[in-house]
Amino acid sequence: MFVASQKRKENIAEYLLYMWQIEDIIRAAGLDIETIRRNIVDPSPLDDDSKRRLTEWYESLIDMMRREGVESAGHLQINRNVLSQLATLHDTLLRDPRFGEYSKRFYAALPHIVELRGKAGDDPKGEIETCFNALYGMLMLRLRGKELSEATAGAMRHISDFIALLSHYYRLDEQDELFKDNEN
């Protein structure tokens, strides 16, 4: 909760990846608040009030996951909303000639995005979600201590650079600074 809140303010991409990880942690705990309390909340160095609030946050996420039917797979609506906002901003930036660097980074990443979408089978996602799926997959591989091939690492650099710029523009947009008269 505390980490999510901070990431939400600072970097929307990190926030979204963190929230996907939280969804998976909740699933790994069998959507059981006692397991989460015992393994995550209790060992944390937080004071009692903060532990209570963290427990309530996990309880609310568990409840949302059950109500939304994402107990075993998929993402919470709050996270899908962030993806939708990012996709809308992405479309806006691509159409605006003031954001040439953004277009350049997107088109550098696009062949890798297309390749990943081609591997998605019958359920290809949009460009932005495909990028986040790739970034999350890379995170999971790193957590397992697996190395990326040189080609995959190169593709991920293009995708990471593109998503980093999108995240930067998202933050500026939230601060009503994105479309000011100065060149971005």
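A residue counts as exposed when its relative accessible area is over 50%, as buried when under 20%, and as partly exposed in between. The model is predicted. A search of the whole structure gives twelve salt bridges.

R67 has a relative accessible area of 59%, so R67 is exposed. Its partner is D63: the two form a salt bridge, with the closest N and O atoms 2.9 Å apart. D63 is partly exposed, at 37%. Both residues lie in helix α4, four residues apart, or about one turn of the helix.

D49 and R53 also form a salt bridge, with 3.6 Å between the closest N and O atoms. They sit four residues apart in helix α4 (residues 48-68), so about one helical turn separates them. D49 is partly exposed at 37% relative accessibility. R53 is partly exposed too, at 33%. This pair belongs to a network of salt bridges that links D49, R52, R53 and E56.

E14 and K7 make a further salt bridge through their side chains, at 3.4 Å from N to O. E14 has a relative accessible area of 40%, which means that E14 is partly exposed. K7, at 23%, is also partly exposed.

| Salt bridge | N to O distance |
|---|---|
| R67 and D63 | 2.9 Å |
| E14 and K7 | 3.4 Å |
| D49 and R53 | 3.6 Å |

Side chains of opposite charge can pair when their charged atoms come close.

Notes. Residues numbered from 1 in each chain as written. Predicted model: local features only at pLDDT ≥ 70, side-chain atom pairs only at ≥ 80, totals over all residues. Heavy atoms only, no water. Salt bridge = Lys/Arg side-chain N within 4 Å of Asp/Glu carboxyl O. Buried < 20%, exposed > 50% of the residue type's maximum accessible area, 1.4 Å probe, protein only. Helix = DSSP H or I, 4+ residues; strand = E, 2+ residues; numbered from the N terminus.
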